[in-house]
Amino acid sequence: MAFSLHGVKVPHRKNTANIAAVKMASPATVVLPTAMHIGAPATPVVKVGDHVDIGTLVAAANGAVSSPVYSSVSGTVKKIDDFLTSAGRYVPAIVIESDGADTVADITPPQVDSKESFIEAVKLSGLVGLGGAGFPTYLKFATDKPVEQLIINGTECEPYITSDTRTMIDDADSIADAINIIDKYFDIKEYIIGIENNKKEAIAEMKKIAESNSKVKVKVLPSRYPQGGEKVLIYNTTGKVVKAGCLPADVGVLVFNCTTMAYISRFIKTGMPLVAKTITVDGGAVKEPKNVTAPIGTSLKDVFDFCGGFTTEPSKVLYGGPMMGITVPSLDAPVLKQTNAVLALTAKETRIPAQTSCIRCGTCANTCPLGIDPAAIAKNYEAGNIEVLGKLGIQVCMECGCCSFNCPAARPLVQTNKLAKAAYRDYMTNKNKEENK
Ligand code: SF4
Ligand code: SF4
């Protein structure tokens, strides 16, 4: 497999790039799932009837890979309910009725004077990768591998989404400050801000950081999806290849989303954990698209109402962008820590042409930024040749959707890849069990 800058040219539709985020008032109710991250769900530490303030811990991190959850409103815990995550598992969710007073908990900035206390502070902040992955941020810093480069992901390559762009324009100081804080405790040689060339104002702000800090470089990249895919970004900014089964730290690199960086600085300064999130609200069905800073746990219905409601019944509502976003089953779904956008798309925006037979044109393989051949994967998956899928690299597919996007036969390649990946994972688990009997 070879890395490339193939990918696809997607329509930008960055309609909200010039609109600074507008803060939303506390809604009547918030729903806080205990799993808004990769890893074990947090454990509720409040009970029904408890009073909480903004910033009160409501669920504590549970185990080595987890993240705490804090109340985003002041009010009363009404119930602890089952919540179905997008991964298909039920976890507890803490439902809080707001009292409208927005009382803030008694919080103080964390004491940070060493690498260990910095990592502990990031863990306490409840921060997870805010670009959508939801990996607990502190775990990346806890690597025992030497780190040469820290890459700040400001690419934001999905259509519509501009919330990171606004962070880079409106809160560049926090990104600069996070770099300075991290540099005190880590021996990092270089900080590279990767940013697509369609974000002129944000590039100018990031260049100001580089002008005042010789360790910082701004790498302006072509706007080509999926420029922000972690492995793609590492390759395009450093030339390093993260092989299948390896992590960025294995090649001396850490990657953080630019908004994650800004939050690190805000938390160290104020002690206010992650309780609100700036998201792009857009799509053809939204009356007044904008960037909105909403308390985490706010229902999407409340968020869309804040944007004037719908001009027409949406055909599809997504968490995230049209390339990698996840369909939202109901407008009762809440804003999560890792939500960077919610899109309400019209029937025209979601129309998929009729599927025809594969014509073996090779476009999908030529498009894949990771050098995978999706047509070969589909053929072997459908034939039940599951072991072959590993040789074809199914485990490294990042589900970016470029192959489906460019297929002239409208084959559902990314969907097939998801199924093939799960089948290969199960196959290998069973094979390992058999071998270790
Ligand atoms: S792009 Fe579509 S039609 Fe062409 S080889 Fe791939 S699956 Fe077949
Ligand atoms: S979804 Fe997977 S196979 Fe398709 S282009 Fe993206 S990485 Fe390649």
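Two strands count as paired if DSSP finds at least two bridges between them. Keep that rule in mind as we go through this structure, which is a predicted model.

Strand S5, residues 57-60, meets the rule with S6: the two are joined by two bridges and run in the antiparallel sense. Look at one position in this pairing. Ala 59 stands opposite Val 69 in S6. What holds such strands together? Strands of a sheet pair through backbone hydrogen bonds, either parallel or antiparallel.

Now widen the view. S5 and S6 belong to an open sheet of three strands, in the order S3-S5-S6, with antiparallel pairing. Strand S3 (43-44) and strand S6 (69-70) stand at the edges. Each has a single partner strand, so one side of each is left without a neighbour in the sheet.

Next, the whole chain. The protein chain has 13 helices and 17 strands. Its C-alpha atoms fill a box of roughly 60 × 55 × 50 Å along the principal axes. How does its radius of gyration compare with that of a compact globule? For 437 residues, a compact globule would have a value near 22 Å; the chain has 22 Å, so the two agree. Of those 437 residues, 52% count as buried. Now take the contacts between residues at least 6 apart in sequence. Of these, 72% join residues at least 24 apart.

Helix H4 covers residues 172-185, which makes 14 residues. At 1.5 Å a residue, H4 should span 20 Å; its end C-alpha atoms are 21 Å apart, which agrees. Which residues of H4 are buried? Among them are Ala 172, Ile 175, Ala 176, Ile 179, Ile 182 and Tyr 185. An α-helix has 3.6 residues a turn, so residues three or four places apart point the same way.

Now follow a single residue. Val 317 lies in strand S15, residues 316-319. Is Val 317 buried or exposed? Val 317 has a relative accessible area of 9%, and buried means under 20%, so Val 317 is buried. Beyond its neighbours within four places in sequence, Val 317 is in contact with several residues, including Leu 300, Phe 304, Ile 326, Val 328 and Leu 343. Gly 283 is 34 residues from Val 317 along the chain, yet their C-alpha atoms are separated by 8.8 Å.

Last comes the ligand. There are 13 residues around ligand 1. Cys 358, Cys 361, Gly 362, Cys 364 and Cys 407 come nearest. The shell divides into nine nonpolar, two polar and two charged residues.

Conventions: Residues are numbered from 1 along each chain as its sequence is written. Chains are lettered from A and ligands numbered from 1 in the order in which they are written. This is a predicted model: local features need pLDDT of at least 70, side-chain atom pairs count only at pLDDT 80 or more; totals for chains, interfaces and linings use all residues. Side-chain values use heavy atoms; hydrogens and water are left out. Helices (H or I, at least four residues) and strands (E, at least two) are DSSP runs, numbered from the N terminus. Buried means under 20% relative accessible area, exposed over 50%, partly exposed in between (1.4 Å probe, protein chains only). Contact means heavy atoms within 4.5 Å. The expected span of a helix is 1.5 Å times one less than its number of residues. A residue is near a molecule or strand if one of its heavy atoms lies within 4 Å of it. Ala, Val, Leu, Ile, Met, Phe, Trp, Tyr, Cys and Pro count as nonpolar, Asp, Glu, Lys and Arg as charged, and the others, Gly among them, as polar. The radius of gyration is taken over C-alpha atoms; the globule rule is 2.2 Å times the number of residues to the power 0.38.
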